[in-house]
Amino acid sequence: VLSTFVPSLFPDPAAVVGEWCELADSVVVAGFAPRGNRAANAALWAFTQLSPPLFDMSARDSLDQLDRRTAATQRALQDGMETVETTQYVFGEVSVNAGYRAP
C-alpha cells in the first residue's frame, strides 16, 4: 500500500492504517509533519482552514490536529509492521514512513 498524505485527512487515521497493515506486507505512508518550518507551517495552516470538512474547525489549533493525526498514523504503522523506516524531507515537513513485514 502506498499512501501520500491521505491518512491525516481521516478523523481516525490509526484505524485506516491499521486496516492497510492487515492487508499488505508493505505499507508506505507519506504525511505532513507540522511544526518544523514556519513557511511550510503557514501553508499547512492555510490548507486546514480551506478544508473545513476534513478538520474540526472548533479546535483552537488545526496544525495540532494535523500533528496528532500524523503521529497516530506513525504509531499504527509501528504497531502493524515488523520494521518501520522513517525519512524526513522538505525541511522536516514531510515524513515518509515505510513499514515491512516478512511475507
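Helices (H or I, at least four residues) and strands (E, at least two) are DSSP runs, numbered from the N terminus. With that settled, on to the chain. This is a predicted model, in which local features need pLDDT of at least 70 and side-chain atom pairs count only at pLDDT 80 or more, while totals for chains, interfaces and linings use all residues. Residues are numbered from 1 along each chain as its sequence is written, and side-chain values use heavy atoms, with hydrogens and water left out.

The chain has three helices and four strands. Read from the N terminus, the order of elements is β-α-β-α-α-β-β.

Next, burial. Buried means under 20% relative accessible area, exposed means over 50%, and partly exposed is in between, using a 1.4 Å probe and protein chains only. Of the 103 residues in the chain, 37% are buried. The accessible surface, by the Shrake-Rupley method with a 1.4 Å probe and, for residues, only the protein chains shown as cover, comes to about 6000 Å² for the chain. Carbon and sulfur atoms hold 57% of that surface.

Now contacts, meaning heavy atoms within 4.5 Å. Among contacts with a separation of 6 or more, 57% join residues 24 or more positions apart.

Let me take a few residues. Asp61 sits in the loop between helix H2 (38-49) and helix H3 (62-80). Asp61 counts as partly exposed because its relative accessibility is 31%. From Asp61 to Trp45 is 16 residues in sequence and 8.8 Å in space, C-alpha to C-alpha.

How many salt bridges are there? A salt bridge is a side-chain nitrogen of Lys or Arg within 4 Å of a carboxyl oxygen of Asp or Glu. By this rule there is one. Arg101 pairs with Asp25, and their closest N and O atoms are 3.8 Å apart. The pair links distant parts of the chain, 76 residues apart: Arg101 is in the segment after E4, and Asp25 is in the loop between helix H1 (13-23) and strand E2 (26-32). Arg101 is partly exposed at 24% relative accessibility, and Asp25 is partly exposed at 36%.

Last, the surface patch. Patches are made of residues with over 30% relative accessible area and no salt bridge; like charges are joined within 9 Å, and nonpolar side chains (Val, Leu, Ile, Met, Phe, Trp, Tyr) within 5 Å. Tyr89, Val90 and Phe91 form a nonpolar one, with about 380 Å² of accessible area together. Phe91 lies in the loop between strand E3 (83-89) and strand E4 (94-100). Phe91 counts as exposed because its relative accessible area is 71%.
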